[in-house]
Every structure is written in structure tokens, then in C-alpha cells.
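This report describes a predicted model.

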Amino acid sequence: MTISEETRKVVADATGQPYIEISAEAASIRVLRRAIEDNEIPDLYVTNGEVVHLERVSGDISTPLGLADPPPLPYAPTVLTPPGLASVLARHAYVYQTKSVMIKRGKKGKDGAPDEPPVYEDREEEVVPPARVLAAVLSGRYWPGVRPLLGIVGSPVLRPNGSLLQTAGYDGVTGLFYAPKVEIPFVPARPDRDEVAEARRFLLGDFLGGFPWESAADRANYIALLVTNILRPYVRAVTPFGMITATTQASGKTILSEGIGLLYGQRVLPWPEAEAEMRKAITAALGEPAPVLVFDNLREGTAVDAPVLAQLMTAPTWSDRRLGTNTTVTMANDRLWLATGNNLRLGGDMATRTVLVRLDPKTPHPEERTGFTIPGLDRWVKDPANQRTVLRHLLVLVMDWMAAGAPRSEHVMRQFTPWAQAVGGFLAHHGIDGFLGNVEDVRAMDDEDSEWEVFLARWVELFRDQKVTSNTVRKSADIDMDGGGRPVDRWEGRFLTDDAGRTVNAMSLGRRLRGQVGRFHGQLVLRRGKDTHTKSTFWWVETAGGDAS
């Protein structure tokens, strides 16, 4: 017997499972697609034209064992494939076909002619749709009615209208799914004065008071990074790279990075040395829901200068080939990227795309230091109950800033100016000074810039306002002998070298010079011209005022 539409609706309402009848392939494709577009199948969303299934992930290895109040399992989206869609339908729907089944055979008369015809009855049979049908259902990229999933957040965040998203689940205003890492008590839109004072005292005193900040700028920059994920949907701008570095081990770098990552959800990554590996690491990391991505404990003295990472920092989206396929995938670059290590350096464009946090314990045995208000802070920060405390105090400060009209500062940081002005205003509102006050120190950490500044300064001393070819410049680096047979280096060790420390040849020098035209190093800038008769390229150096050196 078939089930009437009325009975089917009653059953579907009671079980929460839709009844979906399929038949011929074309009709099955239409009815299954309609079921998805009408949101009859739970936990399905669309991201960048692809249907994804959002579900909890069992066996989260990032959760410490033995916690009295373990956090909920994390969520992760999975792009639906035909097998994945078959699994989702089997769990969340009743998909069936109506088949005509013979329940009584016919009878023949004595002369062989039919006496009684066979009796058939329509019966429903639960089925798995054919793989070809499932593939066809998922082949489109336009999904009207399906809720867009723009990201997963592990903490409350500010919506673009300034209200606080703090109800777990899908938020239709932002397209974000809030999967709390820790349950946060409700935060009012206008916290009272005592709440704000206590939040400020806890954050600046109990939590951050014992760290050996090198300057006020380092503490302010860290708090800026700490609040970034909450403000991101409100500010709607790209955010800079965060580098937490110290003069020696056991200074507190990892505690600070975990102070951010464990609040929102983090993934710790090894530092890739090759550009191709960096690209793969970025693509893989953006394919997972962790809001904070940390290159932790880089080798001492590492120069953070990967061009592909610098490109990522200023791009709102990232496109690359999905690993293991020939399919190009585009993902939102909506994460906070951090690196930790001792005596880290900067190079290339990363120097202008990084917020610096420095620690200097000024002691030979920083692991023996005391003075933290919270004993065992490295263990304390891993407990979800304590993360709840930090996060709620931070949210109180954010909402107090919003209640005051979310005043902005006048900071300028190239592509990151909207972010800098928002967090700068937040910090100023709460009396936290020094934000971005170590910009000159960041520039000094740029090894490549320093090398070029020294090189161009010596160029000016040797050639003044002359316009010279790269071959002339290269020949000037050859070692001569003075009258006493002693070697003379006109460049005094300041000429450009290759990775092996050898003086570059004329061709390599020309290529490297072309890459620096118009870029200031300190007060000096390289210029290029062309001789119309000989067609040769010549070079000269100017000062910041534009006058020939």
C-alpha cells in the first residue's frame, strides 16, 4: 500500500524526516534538487557555489584529556560528493520508489486463455538514488533558497550592524555558523561601569600583567590581535600578520599565541621553507574551519619573507588548486595568521604587513621567572573554563566600545587601515597606549631592506650623481691591490651577494636592480633610464627629495 500525502506529512512532521519519492532519472534529479533548495535536508549550506554538509567532528585531538567541563565537539563543513549526498539522504530523509508488485498470479482457463488476470499492488521501497542521479543533482552552482555558509566562528562576533552574535547556530544576518568553543554567559549591549572596570583590570593585570613586554607598543599590538576575530565581521577588512617573537626561549610566546588561538579555535602549522609548500599549506589550512592559524616556534632567526604569504595578507580571497585534484577552489581569507619564534626577522613585503609583538625577559633563565598573577598560566590558558573568563571580559570591553559609538583612531597602515583604525579606536577608548608604536622597529627587522639601504648608501659614496650601467657597478666590486700588494674592496663588504655569499655577476645584478626601481630604502631610491642611442640601461640613486645624489 502507498502512503497518502496527508499521512506522509504527519509522519514527516513527527520524525523530522521528509519523504521523497523518486522515479525516472530526470524526475529524480528535479525532485532531489528541489528538496535541497527547499531546505528539507538539514545541515546543508552553500559555499562558493558548492553544497556543503556541516556536522560535528568526533575525536577532537586538540581537546586536553580529563577536563571537568570539556568543550563541545567542533564543526566542519564538507563539500558534498555523490557518496556524501547518499549518506546524508539515508540519515535525514526517507527516499523511496513506488513499485508495482504482483500479489496474486493470474489463472488460465482449460483452453489456455486467461481466466483471471494477475493482481498487482503498489508498494513503497526505500532506495539509494543512483550515483549518476546524485552527481547530476550536485552539478549546478546556483542554489536559490539554500543558506549561504560564509564561515564558522568559535566565539561571539560583531555583526556589521554592531550587534553581537552570541546565539549558537546559523546566523542569517552574517551567513556565519557560531559553534562556541566555550559557552559564554550573555553579554549586554551596554555593560555597566563595574563590569567594564573589572574586565579591564583582569585583562591588563591578571592575564597580561606578568609578560616581559619590550615596550607598551608590544602589549597594545597583542591586545589588537586578541580582539581581531571578534571585530572582523564588523570591520569587514583584511587583517595583518601577527608576529610574536622573543629574545630567548621560555619567554611566553606560545602562551600568548594560545591565548588567541584557544579562544577562537586554532591550527598549528610547520613553517614551509619553499614557496610551493607554503602555497599548499595555505590552501590546506583555509580548507579547514580553524579561525586562527599559527606557524609556531620557527627556527631561531628565521626571516619571515615568503612572497606568497605577503600576497595572502592583502587579499580578501585565496584561489588555488584543491589538493589532489585539478579543480581550482576560491576561499575567503578570513583567518588570523600568526608566527612565533625567537629573534625572528622580516623580509620583502612582510615588513609592511606585520604587527609585531616582542618579549624580552632580560634574564638568563626566563623559565624561573615569577610574577605572573595567575600561577601556571601555560596550563591555565588551556582550560575551557578559563578561556570563558578571558573571552567574556574581552566581549564586555568590545560592547562598551560599541556603546560609546565605536570611535576610530587615525592610524594608517596601508591596506590594513580600516582594521588599524577600528582596533586603534578600541584600544584608545580603554586607555591602552602604544598601538603600532614600534613601526620603526618592524622596518629595522627587514633584512632585505637593510641590505639594500647599505648598498645604495655606498653607491652614492662611489658614484655620486653619475648614471652608470650595471656592468660598471659590477666591475667596481672587483678586488684590486694597493701599492703594498694588499687587497682593496671599494664597497667595504657592502656589495650584493647571492645565497652562497658570492658577489653577484653583472646579469644577476641587473635583474636585482630592476626589482628595486622606485622602492625607497631609508631615504634612498634607485632609478632607471635608457640610452636612446646605445639602447643600454643605466642606473642612478636619488634621495627622498628627488634630487640626484
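## Helix packing and overall form

The axes of helix H14 (residues 447-463) and helix H16 (residues 506-514) approach to within 13 Å and cross at roughly 110 degrees. This makes H14 roughly perpendicular to H16, because crossing angles of 65 to 115 degrees count as roughly perpendicular. From H14, the residues that make the contact are Glu451, Trp452, Phe455 and Trp459, and they meet Leu509, Arg512 and Leu513 of H16. By class, the contact of H14 with H16 comprises five nonpolar and two charged residues, with no polar residue.

A second pair is formed by helix H6 (residues 216-235) and helix H7 (residues 253-264), whose axes come within 10 Å and cross at roughly 10 degrees. H6 and H7 are therefore roughly parallel to each other, since angles under 35 degrees fall in that class. H6 contributes Tyr222, Leu225, Leu226, Val227, Asn229 and Ile230 to the contact, while H7 contributes Leu256, Gly259, Ile260, Leu263 and Tyr264. The residues of this contact divide into nine nonpolar and two polar, with no charged residue.

The two pairs are set out below.

| Helix pair | Axes come within | Crossing angle |
|---|---|---|
| H14 and H16 | 13 Å | roughly 110 degrees |
| H6 and H7 | 10 Å | roughly 10 degrees |

Which residues does Ser155 touch, not counting residues up to four places away in sequence? They are Tyr178, Ile230, Leu263, Tyr264 and Leu391. Among the residues of the contact between H6 and H7 are Ile230 of H6, and Leu263 and Tyr264 of H7. Ser155 itself is placed in the loop between strand S9 (151-153) and strand S10 (157-158). Ser155 has a relative accessible area of 2% and is therefore buried, the limit for that class being under 20%.

Two arginines in loops have positive phi values. Arg464 has a phi of about 50 degrees although it is not a glycine. The place of Arg464 is in the loop between H14 and helix H15 (470-475). With a relative accessibility of 52%, Arg464 counts as exposed, because the class begins over 50%. For Arg414, phi is near 45 degrees, again a positive value in a residue other than glycine. Arg414 belongs to the loop between helix H11 (384-403) and helix H12 (417-429).

Is Ala26 buried or exposed, or partly exposed? Its relative accessible area of 46% makes Ala26 partly exposed. Ala26 lies in helix H2 (residues 25-37). From Ala26 to Thr317 the separation is 291 residues in sequence and 36 Å in space, C-alpha to C-alpha.

The chain as a whole has 16 helices and 27 strands. Its radius of gyration is 32 Å, whereas a compact globule of 549 residues would have a value near 24 Å. Along the principal axes, the C-alpha trace of the chain spans about 135 × 70 × 40 Å.

Of the 549 residues in the chain, 45% are buried. The accessible surface of the chain amounts to about 27000 Å², and carbon and sulfur atoms account for 51% of that surface. Among contacts in the chain with a separation of 6 or more, 71% join residues 24 or more positions apart.

Technical notes. Residues numbered from 1 in each chain as written. Predicted model: local features only at pLDDT ≥ 70, side-chain atom pairs only at ≥ 80, totals over all residues. Heavy atoms only, no water. Axes fitted to C-alpha atoms, helices over the stretch in contact; angles between N-to-C directions. Helix = DSSP H or I, 4+ residues; strand = E, 2+ residues; numbered from the N terminus. Parallel < 35°, antiparallel > 145°, perpendicular 65-115°, else oblique. Contact = heavy atoms within 4.5 Å. Nonpolar A, V, L, I, M, F, W, Y, C, P; charged D, E, K, R; others polar. Rg over C-alpha atoms; globule rule 2.2 N^0.38 Å. Buried < 20%, exposed > 50% of the residue type's maximum accessible area, 1.4 Å probe, protein only. Areas by Shrake-Rupley, 256 points an atom, 1.4 Å probe, with all protein chains shown as cover.
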